[in-house]
Amino acid sequence: MPLFIPAALALDVDLVWFTVMMAINLNMAFISPPVGFSLFYLQSVAPPEVKTSDIHWGAVPFMGLQALALVLVMAFPPIVTWLVDVQFPS
């Protein structure tokens with residue numbers, strides 16, 4: 001984030017929107033196979049009969065939902081900023 005904030009400020013990007021976009025991207029990275037950290041955590045507590053491939057395939061619907069959310073937030077930034085604008089009018 002410290003590398004991207006100055007660029008976002010220079011490009012006059014809304015920092016609330018930018019932070020939400022980064023959070024969605026990071027969350028997708030945590031559950032995306034084959035190196036998703038959350039999948040490894042789940043594998044370590046799952047019973048031995050649960051295969052790694054089952055855990056990875058189980059993450060696919062969540063990846064799809066997060067990809068949809070990412071597209072919606074990119075296409076319609078007011079989805080993110082409307083509550084902040086209501087709470088803190090300028």
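Thr81 is buried, with a relative accessible area of 10%; here buried means under 20% relative accessible area, exposed means over 50%, and partly exposed lies in between (1.4 Å probe, protein chains only). The structure is a predicted model, in which local features need pLDDT of at least 70 and side-chain atom pairs count only at pLDDT 80 or more, while totals for chains, interfaces and linings use all residues. Residues are numbered from 1 along each chain as its sequence is written, and side-chain values use heavy atoms, with hydrogens and water left out.

Thr81 belongs to helix H5, residues 78-87. Helices (H or I, at least four residues) and strands (E, at least two) are DSSP runs, numbered from the N terminus. Once neighbours within four places in sequence are set aside, Thr81 is in contact with Asp14 and Trp17, where contact means heavy atoms within 4.5 Å.

Helix H4 takes up residues 52-75. At 1.5 Å a residue, its 24 residues should span 34 Å, and the end C-alpha atoms are 35 Å apart, which agrees; the expected span is 1.5 Å times one less than the number of residues. H4 also has a kink of about 25°, centred on Pro61. The bend at a residue is the angle between axes fitted to the seven residues ending there and the seven starting there. Which residues of H4 are buried? They are Ile55, His56, Ala59, Met63, Gln66, Leu70 and Val73, and these buried residues pack against H2, helix H3 (37-45) and H5.

Val71, also placed in helix H4, is partly exposed at 48% relative accessibility. Val71 and Met21 are 50 residues apart in sequence, and their C-alpha atoms are 9.7 Å apart in space.

Turning to the aromatic rings, the count comes to 1 aromatic pair. The ring centres of Phe30 and Phe37 are 6.2 Å apart and their planes meet at 50°, so the pair is tilted. Rings of Phe, Tyr and Trp (its six-membered ring) pair if their centres lie within 6.5 Å; planes under 30 degrees apart count as stacked, over 60 as edge-to-face and the rest as tilted. Phe30 is partly exposed, with a relative accessible area of 38%, and Phe37 is partly exposed at 49%.

Most residues other than glycine have a negative phi. Asp12 has a positive phi of about 60° although it is not a glycine. Asp12 sits in the loop between helix H1 (4-10) and helix H2 (15-31), and Asp12 is exposed, with a relative accessible area of 70%.
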